[in-house]
Amino acid sequence: MAGGHRLLLENARQVVMVCARGERFLARDALCRLAVLEGASLVVGTDGFIKAIGPADEIQKMFSEESFEERIDCSGKCILPGLVDAHTHPVWAGERVHEFAMKLAGATYMDIHQAGGGINFTVERTRQASEEELFCSFQERLQCMMRAGTTLVECKSGYGLNLETELKMLRVIERARRQLPISISATYCGAHSVPKGKTASEAADEIISSHLPKLKELARSGEIHVDNIDVFCEKGVFDLDSTRRILQSGKEMGLQINFHGDELHPVKAAELGAELGAQAISHLEEASDEGITAMATAQCSAVLLPTTAYMLRLKQPRARKMLEEGVIVALGSDFNPNAYCFSMPVVMHLACVNMRLSMPEALAAATINAAYALGRSHTHGSLEVGKQGDLIIINASRWEHLIYQFGGHHELIEYVVAKGKVIYKK
């Protein structure tokens, strides 16, 4: 008997599957050979998962008797996987636009920090904000990300630095996870900075003895779902010893290790992450040769953040060295008050120009590899049968236009689809 399905996308000029054989990530030579179908169609079932993908005439024959809640004619257009943003800080209060002006006038990160700005400014405003205020601004930011093609986003806490505010931020993330169509990977980042009046060691003690047990309790009762644990491992913030203790404690309670490392100084964070079995490490502008090799061996992904190096005028991470060594390279926007960017197409463009990625490497880094960095590449990051029906449709003859047209994604993206449902239409 003929059945019903949620969505039929017909006659696309290109369907960029990215992967075609269930790969969990792409590295080395595989990055040059993304799976792309010409003249293809795609079907998403009522459960939100992809049921079929293939040449348009074959799909037409297979499903000629079936009904669909929605059909979209994709003639002359390209279908790509929904983009994955592997690193964001999207829950906070208090604008920091004035700091951008200070930076442009020559102030360093530490100058701003010492003038009462930077992370401490955001922490103060976030502590004062109500849960409802934080949710409203967070929801608006997520909608901006969705319109730019993101369908899975990693969201960190970390502007509380005390248990009460960190939990407030995680409740806001949990509410969005339940109510909004975008997929979310939630990260506890209570070790984002050392609170005033504490040493790194004291802050680590408090996180391990107080924050993590409370998170475990709330996870057990189903109130909050957290996927990852993050620490800002950096000179003058959390040293290797404190970082190790926090990450190890998080891992023991079942969290994936996914942390900031080797951004401003070479502190051997890459080596530590590889040793601890981290899923991902972000930044890595100052990662050592040994750290890069260790990450490749451990299949620990490198989440590179082109906006940060660009806006803070830091040196770029050595993306080509990482790719040559076989590291799983992923991308994130690092959306935060200090690096305000919602758009993964802009991030991919910057990665190509400033980090020397090819366009296929950048797309893989913003889809399957970013999903891998979040432990989600079995369900997200490529268009394959059995995966979640998250995708974007762009009005262009070739998929590369999404990266090539710098800042042009608002014109290009016609539909954003999550679980087979249109969540944005131009």
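Mentor: In this predicted model, a polar atom of the Glu234 side chain lies 3.4 Å from the backbone nitrogen of Glu263. The side chain of Glu234 also makes a polar contact, at 2.7 Å, with the side chain of His265. Glu234 itself is placed in the loop that runs between strand 9 (228–233) and helix 8 (240–252). Its relative accessibility is 2%, so Glu234 counts as buried. When neighbours within four places in sequence are set aside, the residues in contact with Glu234 are Asp239, Asp262, Glu263, Leu264 and His265. A further reference point is Lys268: 34 residues separate Glu234 from Lys268 along the chain, and their C-alpha atoms are 9.5 Å apart.

Leu264 belongs to the loop between strand 10 (256–261) and helix 9 (269–276). With a relative accessible area of 30%, Leu264 is partly exposed, whereas Glu234 is buried. Together with Tyr109 and Met110, Leu264 makes a nonpolar surface patch of about 250 Å².

Aromatic side chains may be considered next. The whole structure contains seven aromatic pairs. One of them joins Phe25 and Tyr372 edge-to-face, with 5.1 Å from centre to centre and 65 degrees between the planes. Phe25 lies in the loop between strand 1 (4–18) and strand 2 (35–44) and Tyr372 in helix 15 (residues 368–373), so this pair ties together parts 347 residues apart in sequence. Phe25 and Tyr372 are both buried.

How values were computed:
Residues are numbered from 1 along each chain as its sequence is written. This is a predicted model: local features need pLDDT of at least 70, side-chain atom pairs count only at pLDDT 80 or more; totals for chains, interfaces and linings use all residues. Side-chain values use heavy atoms; hydrogens and water are left out. Helices (H or I, at least four residues) and strands (E, at least two) are DSSP runs, numbered from the N terminus. Buried means under 20% relative accessible area, exposed over 50%, partly exposed in between (1.4 Å probe, protein chains only). Contact means heavy atoms within 4.5 Å. A polar contact is a pair of N or O atoms within 3.5 Å; within protein, one must be able to donate a hydrogen and the other to accept it, and residues adjacent in sequence count only if both atoms are side-chain atoms. Patches are made of residues with over 30% relative accessible area and no salt bridge: like charges are joined within 9 Å, nonpolar side chains (Val, Leu, Ile, Met, Phe, Trp, Tyr) within 5 Å. Accessible areas come from the Shrake-Rupley method with a 1.4 Å probe; for residues, only the protein chains shown count as cover. A salt bridge is a side-chain nitrogen of Lys or Arg within 4 Å of a carboxyl oxygen of Asp or Glu. Rings of Phe, Tyr and Trp (its six-membered ring) pair if their centres lie within 6.5 Å; planes under 30 degrees apart count as stacked, over 60 as edge-to-face and the rest as tilted.
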